[in-house]
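Hi,

Here is the model I promised to pass on.

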Amino acid sequence: MNRRGFLGLAGALALAGCGFTPVYGPGGAGTALRNAVRVDDPVTRSDFQFLRAVEDILGPPTAPRYALAYTITTEEVGGGDVQDFGATRVQIFGTAAFTLTDTATGRTVAQGEVAGNTAYSTTGTQLASFTAAEDAEARLMRMLADSVVTRLYTEPGLTAE
């Protein structure tokens, strides 16, 4: 066995010994969450974008075992002020507080908060600025959804049954 093969085998055994389970491996969290999470009903455009992003990652809930409750907050901060024009760059900061609940037992499986930010330019036409703002909001919701799902993947004890 060459050196690389030995190191790879030693690394795999070390990970197996510590309880490491690949997310998409047999019994991993990716398998447990696939098509099994029902996200709370959306109310705002941001909520719709967040829900769509979560379902893009986990798939639509065909047999929901878990309920994902969330609260999204955003704040816009202008920057790059130009006299008689205003902010030329707007940064959007967002947070998503979430709770994942087992629907059968009512037990909280995971909870936490994730954050992200993005920005857009306002130097174009009014339509271009509006479109850039919508795109930035969609990117932020995707970032927050990615972060929430990543946190769920790493939750100890969350495995497919």
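A word on conventions first. This is a predicted model, so local features need pLDDT of at least 70 and side-chain atom pairs count only at pLDDT 80 or more, while totals for chains, interfaces and linings use all residues. Residues are numbered from 1 along each chain as its sequence is written, and side-chain values use heavy atoms, with hydrogens and water left out.

The protein has four helices and four strands (DSSP runs numbered from the N terminus: H or I of at least four residues for helices, E of at least two for strands). Along the sequence they come in the order α-α-β-α-β-β-β-α. Of the 161 residues, 32% are buried (under 20% relative accessible area, 1.4 Å probe, protein chains only; exposed is over 50%, partly exposed in between). Take contacts (heavy atoms within 4.5 Å) between residues at least 6 apart in sequence: 64% of them join residues at least 24 apart.

Now to H3. This helix has 14 residues and reaches 20 Å from first C-alpha to last, close to the expected 20 Å (1.5 Å times one less than its number of residues). Its buried residues are Ser46, Asp47, Gln49, Phe50, Leu51, Ala53, Val54, Ile57 and Leu58. Ser46 has a relative accessible area of 11% and touches Ile72, Glu137 and Met141, leaving aside residues up to four places away in sequence. Just after the helix, Gly59 has a positive phi of about 90°.

Phe50 is the residue I'd look at first. Leaving out residues up to four places away in sequence, the contacts of Phe50 include Leu68, Ala96, Leu144 and Val148.

The structure also holds one aromatic pair (Phe, Tyr or Trp rings, the six-membered one for Trp, with centres within 6.5 Å; stacked under 30 degrees between planes, edge-to-face over 60, tilted for the rest). Phe50 and Tyr70 form it, tilted, at 4.8 Å centre to centre and 40° between the planes. The pair links H3 to S2, with the two residues 20 apart, and both are buried.

Cheers
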